[in-house]
Amino acid sequence: MKAIQFSKTGGPEVLEYVDLPNPMAGPGEVLVKAQSFGVGKPDVLLRSGVYKWMPELPAVIGNEMSGHVVGVGAGVSHLALGQTVLVFGTGGGRHAEVNSVPADIVTVLPDGVDLDAAVCIPNYAIAWCLLREACSGVNVQSVYVNGAAGGVGSAVIDLCRSEGIKVIAGASSDVKCSFSRDLGAEHTINYGSVTVADRVMEITDGRGVDLVLDQLVGPDFSDNLRMLAPFGMILSFNALAGLPEKELFAEMRAHLGKSPAVRCFSWHSYDANPEARGRVLEEVISRFAAGELTPRVHAKMPLSEARKAHEILDSRNFCGKIVLKPDA
């Protein structure tokens, strides 16, 4: 079978399109023949060697795939041959034509869910958690999200549109701002040209937003506190621009009149709670099946062009999701 493997960490050049032996389904596993693969920032973190859950190298990269069950290992009773499934796990291993995977990271997809769109479901699961799970106690009526044109950011906008939540989308170019408006953002901010907090406060007539979703963080992270509404929350779900320079608690105390909250979120919070993880995925999948969501795919490319896909990711010159397909 063909797969994308890396033996050392680095740029897209470390990815190799290789032949590997076909796997077998061991106890507690199923064998899945791939239909589509999702590519995203976690794959870049894996490739770069900075992911907190790194596999031993050499390893197959990738966390997301959709396909059909072609083998069932001993002890697996809830999955059957021929079922259409999503495989969503962390730590790599998914970007191969055939996968032997633990049954507990396999989710059955209902009829009518497009398998190319299905690899966007993990982004929507993260977005759902940010909007409905991790911000517990916040009455979310308005959201600011940065990196809004990427996989998770666009999923946040789409879910907010379906849930009636107002979105201010932050992006790094006018093209990405236009993409975000088309997807459903009420306002957009090109954060390369204006001060975000000032613009958010202007848009909201001085109130601020209930929830700030930040995947960048960076030196000026604490500036987000200024654009929170009373009892608002900042949720960090990555730190692509590094860590803050200012002491965070001191900055929170400086905005005490808003009673601000700050939380970090990781999908790994569900590692010890597969029932909750499954519930989140089912929430999102039901909306996919009902046609309520409109995932945007930037490009579909053959698996053999994984390096090119990662070059696009590194360039940040994309809107939506990049999908790989097994070569014909």
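View 1. A pocket is an open set of points on a 1 Å grid over the protein atoms alone, with protein on both sides within 12 Å along at least five of seven lines; its volume is the space filled by probe spheres set on the points, which are joined across faces, edges and corners. The model is predicted: local features need pLDDT of at least 70, side-chain atom pairs count only at pLDDT 80 or more, and totals for chains, interfaces and linings use all residues. Residues are numbered from 1 along each chain as its sequence is written, and side-chain values use heavy atoms, without hydrogens and water.

**View 2. The lining of the second largest pocket comprises 19 residues.** Lining residues have an atom within 4 Å of a point. Nearest the centre lie Tyr-191, Val-196, Val-217, Asp-220 and Asn-224. By class the lining has 11 nonpolar, four polar and four charged residues (nonpolar: Ala, Val, Leu, Ile, Met, Phe, Trp, Tyr, Cys and Pro; charged: Asp, Glu, Lys and Arg; polar: the others, Gly among them).

**View 3. Strand β3 spans residues 29–39.** Strands are DSSP runs (E, at least two residues), numbered from the N terminus. Eight of the 11 residues of β3 are buried, so the strand is largely enclosed by the rest of the structure (buried: under 20% relative accessible area, 1.4 Å probe, protein chains only).

**View 4. β3 pairs in the antiparallel sense with β7 (residues 98–102) over five bridges.** Pairing requires at least two DSSP bridges between two strands. Leu-31 stands opposite Ser-100 in β7. With β5 (residues 64–72), β3 forms an antiparallel pairing over eight bridges, where Ser-36 stands opposite Ser-66.

Note on methods: Buried means under 20% relative accessible area, exposed over 50%, partly exposed in between (1.4 Å probe, protein chains only). Helices (H or I, at least four residues) and strands (E, at least two) are DSSP runs, numbered from the N terminus. On a 1 Å grid over the protein atoms alone, a cavity is a set of points where a 1.4 Å probe fits but cannot get out, and a pocket is an open set with protein on both sides within 12 Å along at least five of seven lines; lining residues have an atom within 4 Å of a point.
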